[in-house]
Amino acid sequence: MKAHPLAGMIAAAARLISGVQVRWVDSKPDPRQAVYFANHSSHLDFVVLWSALPPEIRTLTRPVAAQDYWNTGWRRALAVNVFRAVLVARHAAKSNGHEASANPASDPRLAIQHMLEAMGDTESLILFPEGTRGTGEEVAAFKSGLYYLCRERAGLRLVPAYLNNLNRILPKGEFMPVPFISTLTFGPAIGLEAGESKPAFLERARAAVCRLRTI
């Protein structure tokens, strides 16, 4: 697949702005299908992680992004045309105590199906299982989407990553980046184990990300 003409320039700009130093610990870049999952503290997160992948992997990797933020104007043009992002709603509306919405993307089950269809047999995803941006001080509990992706796609490879300092480069509510050195650490792939419960899996996946912070 041929990358968008702007992809290389944006990747270079993201690395320059973030000053990101990329490390692969007990792992190495692999073109096989995977879900790259990481902590989330900045709007720069998916751009920096995407830009840090080797070009041949980057062209086959699609970020999962919040529909409410990326679905208008120039943001949508970048997300859809350059990054080929998979846009999903972050929150399901509630009606009479039950999850419901006029927007099908708000249904968690449909969101999972949407991601699986976007992956096909060869595409990879970038996913932030916390579901929303944190402060950068602690990794919040993971939402269940990662578990259901694995349950629906047997043998799916999950590559943990930890992004450090991006919340300082582009703090919440700010539009101009602040010069800072950041790091991005990838760890060894994991997967859903036979018979593993959802809570146990989500905590193990979260621990795989947290471990990379101290390496």
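Visitor: Where in the chain is the place of Asp26?

Guide: Asp26 sits in the loop between strands β1 (21-24) and β2 (35-38). Strands are DSSP runs of E with at least two residues, and helices are runs of H or I with at least four, numbered from the N terminus. This is a predicted model, in which local features need pLDDT of at least 70 and side-chain atom pairs count only at pLDDT 80 or more, while totals for chains, interfaces and linings use all residues. Residues are numbered from 1 along each chain as its sequence is written, and side-chain values use heavy atoms, with hydrogens and water left out.

Visitor: Why does Asp26 count as exposed?

Guide: Its relative accessibility is 60%. The cut-offs are under 20% for buried, over 50% for exposed and partly exposed in between, with a 1.4 Å probe and protein chains only. Asp26 therefore falls in the exposed class.

Visitor: What makes the phi of Asp26 worth a remark?

Guide: Asp26 has a positive phi of about 55°, yet it is not a glycine. Most residues other than glycine have a negative phi. Arg84 also has a positive phi of about 55° without being a glycine. Arg84 is in the loop between α5 (73-82) and β4 (86-88).

Visitor: How much of the chain counts as buried?

Guide: Of the 215 residues, 46% do. The chain holds nine helices and nine strands. Its accessible surface is about 11,000 Å², and carbon and sulfur atoms make up 56% of that. Such areas come from the Shrake-Rupley method.

Visitor: Why is Leu127 called buried?

Guide: Its relative accessibility is 10%. That is below the cut-off for buried, so Leu127 qualifies. Leu127 lies in strand β7 (residues 124-127).

Visitor: Which residues are in contact with Leu127, leaving aside its neighbours within four places in sequence?

Guide: They are Val35, Tyr36, Phe37, Ala38, Val64, Met115, Leu146 and Leu149. Contact means heavy atoms within 4.5 Å. Phe37 is 90 residues away from Leu127 in sequence, but their C-alpha atoms are 4.8 Å apart. For the chain, take contacts between residues at least 6 apart in sequence: 71% join residues at least 24 apart.

Visitor: What makes Ala161 count as buried?

Guide: Its relative accessibility is 0%, so Ala161 is in the buried class. Ala161 is in strand β8 (residues 158-164). Leaving aside neighbours within four places in sequence, its contacts include Phe37, Leu49, Thr185 and Val209. Thr185 is 24 residues along the chain from Ala161, and their C-alpha atoms are 5.4 Å apart.

Visitor: Why are α7 and α9 called roughly perpendicular?

Guide: The axes of α7 (residues 145-152) and α9 (residues 198-213) cross at roughly 110° and come within 9 Å. Axes are lines fitted to C-alpha atoms, for helices over the stretch in contact, and angles run from 0 to 180 degrees between N-to-C directions. Angles under 35 degrees count as roughly parallel, over 145 as roughly antiparallel, 65 to 115 as roughly perpendicular and the rest as oblique. The pair α7 and α9 is therefore roughly perpendicular. In α7 the contact is made by Leu146, Tyr147, Tyr148 and Cys150, and in α9 by Lys198, Phe201, Leu202 and Ala205.

Visitor: How do the residues of that contact of α7 with α9 divide by class?

Guide: Seven are nonpolar, none is polar and one is charged. Ala, Val, Leu, Ile, Met, Phe, Trp, Tyr, Cys and Pro count as nonpolar, Asp, Glu, Lys and Arg as charged, and the others, Gly among them, as polar.

How values were computed
Accessible areas come from the Shrake-Rupley method with a 1.4 Å probe; for residues, only the protein chains shown count as cover.
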